[in-house]
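Reader: Hi! Could you walk me through the ring contacts here, and then a helix?
Author: Happy to, let's have a look.

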Amino acid sequence: MTLETLGWNRQRQSDFAARAEENLIPGRVVSEHRSHFGVATDAGELSAEIPGRLRNAAVQRSDLPGVGDFVALRRGVADGPAAIEEVLPRTSALIRKASGENRPQLLAANVDTVFIVTAPDGDFNLPRIERLLALVADSAAAPVIVLNKADLTDDAAGMMEQIATVAPGVPLHAISARAHRISGIERHFDGNRTIALIGSSGVGKSTLTNELLGRAAQATQEVRAHDSRGRHTTTHRQLFLRVRGGCIIDTPGMRGVEVWSTDGVADSTFADIEALAVGCKFSNCRHEAEPKCAVRAAVARGDLDAEHLATYVRRARAATSSGR
Ligand code: GDP
Ligand code: ZN
């Protein structure tokens, strides 16, 4: 991997040269955890923290680095964490208001294109598509609408026509991620572009992400544990590099669990779980029944209290269902 495959280009190089002092190296934030960030650099992935100076200079939370940001890093001393000294200018920022609060929340930075994913089975809703289009328009990323699960309808063409009425000029694809019919959408990655997927839980974002990556990076609903509704939301935010070029950021669902899991006071109670979750096989692991779950492994070893995990899981479910 080089930074170039992650979207580093001449503009970013000149932004970096203009802002960063000597001894700093460029990188891209690829994952966000409670206490640190994973940052990809030409010298491999480093664990990095935000120094107090940057934290204090941030006027609002969304000024702080998030997944997708290009940054200037100071390497850590010995094996210590690196420090994010600068966030380079963003070409786009997917931001939303954390629900119930007035604080802007960064979902993903430097996204070139957003796939608004929808599906015919119950999710199909033109006002929702319009709301998501407005969110994308605010971000400065380009929208693409993906009607997934085209295999479930005889009238994909009719649905595409309806979508076109609220999304004039927006590229539109009918695909079936599960049936591996995704031709046409891969071109949006050309030139090492970064794509984020948004849309309701259950429309097939994880299935499509895995299909585009060519590996099972995200747990799909079959793999995730099922609650009474059988629906779940991604809980982590991560940037994946595609072997065939380009990157994918799989953001948590647009409401529900991410509101409390990435924001607010209460969730610092669960910093231990968030830290362990880095070791789970799937970045959107819910720590219920997924394979290779590092959190349940810690409970089994006696390193984590089972009741503490149960509280976390209950809160995640409550947040997911109250969001809809
Ligand atoms: P997410 O919550 O948006 O990440 O959705 P998932 O990727 O977990 O998919 C939700 C459900 O839809 C799973 O049962 C998938 O197998 C199923 N699914 C995903 N893509 C397709 C598709 O193209 N066709 C059909 N019929 N089902 C799909
Ligand atoms: Zn887990």
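Author: Rings of Phe, Tyr and Trp, with the six-membered ring used for Trp, pair if their centres lie within 6.5 Å. This is a predicted model, and it holds three aromatic pairs.

Reader: Nice. What's the geometry between Trp8 and Phe70?
Author: Their pair is tilted, at 5.7 Å centre to centre with 55 degrees between the planes. Trp8 sits in the segment before helix 1 and Phe70 in strand 4, 62 residues apart.

Reader: And are those two buried or exposed?
Author: Both Trp8 and Phe70 are buried. Ring pairs also link them with Phe16 into a cluster.

Reader: Why is the pair of Phe115 and Phe189 called edge-to-face?
Author: The planes of Phe115 and Phe189 stand at 75 degrees, with the ring centres 6.3 Å apart, so the pair is edge-to-face; the cut-off for that class is over 60 degrees. Phe115 has a relative accessible area of 0%, and Phe189 is buried too, at 2%.

Reader: Which charged group sits over the ring of Phe189?
Author: That's the charged end of Arg242, 4.0 Å from the ring centre.

Reader: Switching to helix 1: which residues are buried there?
Author: Arg12, Asp15 and Phe16. Seen down the axis, the buried residues of helix 1 fall within an arc of 100 degrees, so they line one face. They pack against strand 1 and strand 4.

Reader: What's on the other side of helix 1?
Author: Arg10, Ala17 and Ala18, which are exposed.

Methods. Residues numbered from 1 in each chain as written. Chains lettered and ligands numbered in written order. Predicted model: local features only at pLDDT ≥ 70, side-chain atom pairs only at ≥ 80, totals over all residues. Heavy atoms only, no water. Buried < 20%, exposed > 50% of the residue type's maximum accessible area, 1.4 Å probe, protein only. Helix = DSSP H or I, 4+ residues; strand = E, 2+ residues; numbered from the N terminus. Arc of directions from axis to C-beta. Contact = heavy atoms within 4.5 Å. Phe/Tyr/Trp six-rings, centres within 6.5 Å; stacked < 30°, edge-to-face > 60°. Lys NZ or Arg CZ within 6 Å of the ring centre and 35° of its normal.
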